[in-house]
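Please look at the model below first.

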Amino acid sequence: MRTVNRKIAEWINRLGQIWVEGQVTQLSRRPGTRTSFLTLRDPAADISITVTCNPDLLMRTEVPVTEGSHVVMLGRPDFYAGRGTISLRVTDIRPIGVGQLLLRIERLKQLLAAEGLFDPRLKRPLPFLPRAIGLISGRASAAQRDVMSVASARWSQARFAVRDAPVQGPTAVPRILAHLAELDADPEIDVIVIARGGGSVEDLLPFSDETLLRAVVACTTPVISAIGHEPDNPLLDYVADVRAATPTDAAKRVVPDVTAELAGIAEMRRRSAHALRNWVHREDRVIAGLRARPVLANPFTMIDRRADDVERMRRDIRRDVTRMVDAEERRVEHLSARLATLGPAQTLARGYAVVQRVDAGDPHVVTSTEQMPAGARLRIRVGDGAASAQVATPADGPTEPAESTDHTKRSTK
């Protein structure tokens with residue numbers, strides 16, 4: 001038996017690489033191992049083969065390989081002598097059929113993402129209450145009925161501009177593009193909804209068309225994508241301003257719920273009234289606290305308390321002013337006495353006289369005998385009055401005053 005298995009293994013190992021087409025029915029990834037196991041089945045016959053590959057190969061495929069995927073694999077037959085089984089050791093996996101479509105869509109997705117068309121900053125906000133809603137969908141389709149009925153139930157005044165278009169096949173994209181350009185140019189249209197029910201990858205292929213995607217990005221009117229159901233994910237969902245999981249979800253996003261809005265308004269009114277009442281009560285308590293303070297409860301208390309202080313200050317000011325006036329009066333009397341003592345009148349009263357010459361211009365005091373020539377007219381002022389005199393003879397010169405007198409002898413007429 002060992003020899004037979006060895007000979008079979010040697011013969012199989014001489015076989016070259018082959019391409020094998022089939023459907024993946026089982027997929028086993030074992031963490032921590034270097035081998036993944038798949039079962040490849042022939043869709044036309046009840047035949048299958050075990051396939052082994054490196055786990056990195058499954059991770060590198062552009063379209064994820066899952067159970068049910070239709071693929072073509074490049075590999076070499078391998079015979080395991082221990083169990084006497086044949087497997088296919090593959091080095092390349094490529095999708096076919098739907099897989100090829102998914103690969104094309106994935107490559108287009110990467111291209112548009114690299115150009116920045118999926119950037120969230122390009123998304124336009126939806127209006128709160130649009131004047132008119134543009135709807136592109138299949139004629140009399142369930143998606144069209146769902147959008148219109150749900151939107152009308154939420155907001156009875158919702159107005160639609162419906163454009164029927166094929167949603168699959170070769171004529172879908174040109175018709176959708178024409179309707180999209182028409183609705184985008186209408187100033188009354190505030191939002192555009194593109195709606196379709198679920199379907200296969202081939203059915204939803206028009207909504208991953210590059211021309212349609214770039215037209216949606218160029219629109220100035222916000223666009224809502226409502227294609228298929230939650231698992232369906234065409235590229236239109238990435239470039240649209242809003243992605244709705246279903247057409248019903250799109251209707252909920254495009255118009256507000258009047259019942260919910262009225263309930264919200266009532267709740268805000270209730271909360272506003274409650275907040276206003278609380279504010280009034282709070283301010284009333286503040287005013288009551290201020291009124292309870294002594295200074296406001298009896299405002300004259302402070303005046304009465306300060307009246308005694310004011311009266312005492314008035315007495316102190318009056319006393320200080322009186323003391324200052326008395327002191328100044330005594331000072332004035334003292335200065336007057338000094339002035340009287342030191343003044344010329346007191347000196348004249350003690351026997352002195354002031355002699356003025358009055359015949360030589362303005363009267364001036366004579367301080368020397370040289371200023372009194374013969375015939376000079378003089379005015380002599382003494383303590384109790386003044387008299388006029390004339391020099392009879394010139395003076396002989398200064399004479400020594402007598403010890404017992406306080407005046408100088410002169411010849412007068």
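At what angle do helix H5 and helix H6 pack, and how far apart are their axes?

## Basis

This is a predicted model, in which local features need pLDDT of at least 70 and side-chain atom pairs pLDDT 80 or more, while totals for chains, interfaces and linings use all residues. Residues are numbered from 1 along each chain as its sequence is written, and side-chain values use heavy atoms, without hydrogens and water.

## Helices H5 and H6

H5 (residues 172-185) and H6 (residues 210-218) pack at about 10 degrees, their axes being 10 Å apart. Helices are DSSP runs of H or I with at least four residues, and strands are E runs of at least two, numbered from the N terminus. Axes are lines fitted to C-alpha atoms, for helices over the stretch in contact, and angles run from 0 to 180 degrees between N-to-C directions. H5 and H6 are therefore roughly parallel to each other (angles under 35 degrees).

Val-173, Ile-176, Leu-177 and Leu-180 of H5 meet Thr-211, Leu-212, Ala-215 and Val-216 of H6 (contact: heavy atoms within 4.5 Å).

## Barrel

Five strands form a closed barrel in the order S1-S2-S3-S5-S4, with mixed pairing (two strands pair if DSSP finds at least two bridges between them). S2 (residues 36-41) pairs with S3 (residues 48-53) in the antiparallel sense over six bridges. Ser-36 has Cys-53 in S3 as its bridge partner.

## Thr-221

Thr-221 lies in the loop between H6 and strand S9 (223-227). Its relative accessible area is 6%, so Thr-221 is buried (under 20% relative accessible area, 1.4 Å probe, protein chains only).

Definitions and conventions
Parallel < 35°, antiparallel > 145°, perpendicular 65-115°, else oblique. Buried < 20%, exposed > 50% of the residue type's maximum accessible area, 1.4 Å probe, protein only.
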